Amino acid sequence: MGKTKELSKDVRDKIVDLHKAGMGYKTISKKLGEKVTTVGAIVRKWKEHKMTINRPRSGAPRKISPCGVSMILRKVKKHPRTTREELVNDLKLAGTTVTKKTIGNTLHRNGLKSCRARKVPLLKKAHVQARLKFANEHLNDSVSDWEKVTTVGAIVRKWKEHKMTINRPRSGASRKNSPRGVSMILRKVKKHPRTTREELVNDLKLAGTTVTKKTIGNTLHRNGLKSCRARKVPLLKKAHVQARLKFANEHLNDSVSDWEKVLWSVVFFC
């Protein structure tokens with residue numbers, strides 16, 4: 001809930017004067033059009049501190065105005081790599097002098113966290129020479145050569161780690177729907193959105209894949225499609241049936257031109 005508008009000193013003094021005159025909280029509230037809780041708070045403050053104005057709050061006031069906070073938040077969201085020093089300089093140009101610590105506290109208070117880019121360790125002279133030698137040796141290699149190197153490296157690393165070159169068994173049950181089957185049901189659903197899961201089960205069964213309706217639903221959901229049920233239309237009551245039958249009998253022998261006029265009038269008044 002947002003902060004409400006504060007009452008002026010004159011209104012507060014008037015509330016206190018009416019209370020001194022013997023009026024109760026509700027009576028003062030009705031007379032001045034203010035809430036009973038507001039009247040009570042002002043009277044209690046006057047009784048305790050003999051004053052109606054706001055007392056000085058604890059802590060130093062915020063150095064950055066709400067406008068300044070909005071400015072730095074806007075810049076950080078637009079340019080996430082902005083440094084605290086840059087924000088300090090921007091506020092300085094706007095007439096507000098703050099420290100980098102204040103900038104960090106303001107960002108943290110608004111849900112943004114500052115971070116430092118990780119320093120990459122410098123390469124030694126031997127590393128630089130080795131990389132330069134490798135680059136010169138393979139300067140004119142084709143794309144197909146690099147693809148072979150990548151594939152061979154992956155196979156060698158797999159053999160070193162697991163002492164095998166075949167694919168390792170993956171966790172979980174294997175997918176029953178092949179990629180081709182998934183493409184088929186997605187194509188059908190996008191073309192005919194009212195397709196039921198049972199129809200898709202039958203289509204896959206004809207293609208040689210037996211799955212359940214639950215599997216179909218999971219596959220559609222995994223590909224960003226949601227299943228839904230058609231809303232059941234309530235049955236017509238007896239009065240509705242009789243009214244429709246009466247209307248049909250009354251206009252059973254109407255000509256085509258009569259119906260054209262009726263339709264035209266409905267469209268016109270809509």
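## One leucine and its contacts

Skipping neighbours within four places in sequence, leucine 107 is in contact (heavy atoms within 4.5 Å) with Leu73, Val76, Leu87 and Leu112. Keep in mind that this is a predicted model, where local features need pLDDT of at least 70 and side-chain atom pairs count only at pLDDT 80 or more, while totals for chains, interfaces and linings use all residues. Residues are numbered from 1 along each chain as its sequence is written, and side-chain values use heavy atoms, with hydrogens and water left out.

## The core around it

Leu107 belongs to the largest nonpolar core, which has eleven residues, including Ile64, Val69 and Leu91. Such a core is a set of buried Ala, Val, Leu, Ile, Met, Phe, Trp, Tyr and Cys residues joined through side-chain atoms within 4.5 Å. Buried means under 20% relative accessible area, exposed over 50%, and partly exposed in between (1.4 Å probe, protein chains only). Helix α4 (66-78), α5 and α6 each give two or more residues to this core; helices here are DSSP runs of H or I, at least four residues, numbered from the N terminus.

## How α5 and α6 meet

Helix α5 (residues 84-93) packs against helix α6 (residues 100-109) at about 100°, with the axes 9 Å apart. Axes are lines fitted to C-alpha atoms over the stretch in contact, and angles run from 0 to 180 degrees between N-to-C directions. The pair is therefore roughly perpendicular, a label for 65 to 115 degrees.

## Two sides of α6

Ile103, Gly104, Thr106 and Leu107 are buried in α6. The face turned away from that buried side carries the exposed Lys101 and His108.

Methods
Angles under 35 degrees count as roughly parallel, over 145 as roughly antiparallel, 65 to 115 as roughly perpendicular and the rest as oblique.
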